[in-house]
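Here's a quick briefing to read alongside the model. Have a look at the chain first, then work through the notes below.

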Amino acid sequence: SSQVSFTLELEFSCSVLLDRAEVMLQATSDSTEATPQDNVVKLSVPIRYEPNLFLSSNTNLHRYEVHPLGTFTYSSGPEFTTTVKVQNLGCYSIQNVTLHMALPALGHHQATILSVTHVLAENATCMLQPPDEGTQVVPVPPEDLLHMDR
């Protein structure tokens, strides 16, 4: 009536990718057993590799003045470029990576504070889509900006 617990920690090589890990455990003893066939267990588990993704962004506009309520002009602000980069720092290839970005585009009284003019992509397919019809676009009231540093 004794029990033993095992913790197995497996390390995998970047040069050999496996679909499954298989382990066979067998218990033996010097005693005579009536049912030795139940002393063996074979385990097979699928292997899923964790990606090591790194997301970074950079912009050429680091500061922009937001005018107080009542002095807001409806002209467009300065054009700026933001670069978003997704890198796989791991040694395993990854597929079907999707990046969703929600941009705060509406301000007080539904005023447009941001509009995307074009998207350039390298090594990726990018689609600019408005929110789904079921998704409500929540405007950013000016008082919420008082507590934000960016």
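In the protein chain, take the contacts (heavy atoms within 4.5 Å) between residues at least 6 apart in sequence: 56% of them join residues at least 24 apart. Keep in mind that this is a predicted model, where local features need pLDDT of at least 70, side-chain atom pairs count only at pLDDT 80 or more, and totals for chains, interfaces and linings use all residues. Residues are numbered from 1 along each chain as its sequence is written, and side-chain values use heavy atoms, with hydrogens and water left out.

**Layout**
- The protein chain has four strands and one helix, taken as DSSP runs numbered from the N terminus (strands are E, at least two residues; helices are H or I, at least four).
- Reading from the N terminus, the order is β-β-β-β-α.

**Surface**
- The protein chain exposes about 14,400 Å², with carbon and sulfur atoms supplying 51% of that; the areas come from the Shrake-Rupley method with a 1.4 Å probe, and for residues only the protein chains shown count as cover.

**Cysteines**
- Searching the whole structure turns up one disulfide, meaning a pair of cysteine sulfur atoms within 2.5 Å.
- That disulfide joins C14 to C91, at 1.7 Å from S to S.
- C14 sits in the segment before β1 (20-26) and C91 in the loop between β4 (82-88) and α1 (142-145), so the pair ties together parts 77 residues apart in sequence.
- The S-S torsion of C14 and C91 is about -60°, so this disulfide is left-handed.
- C14 is partly exposed at 41% relative accessibility, and C91 is partly exposed at 39%.
- C126 also counts as partly exposed, with a relative accessible area of 46%.

**Second largest pocket**
- Its volume is about 350 Å³, counted as the space filled by probe spheres set on grid points joined across faces, edges and corners.
- A pocket here is an open set of points on a 1 Å grid over the protein atoms alone, where a 1.4 Å probe fits, with protein on both sides within 12 Å along at least five of seven lines; lining residues have an atom within 4 Å of a point.
- The lining residues include S1, F6, L25, D38 and V41.
- β1 and β2 (40-46) each supply at least two residues of this lining.

Definitions and conventions:
Buried means under 20% relative accessible area, exposed over 50%, partly exposed in between (1.4 Å probe, protein chains only).
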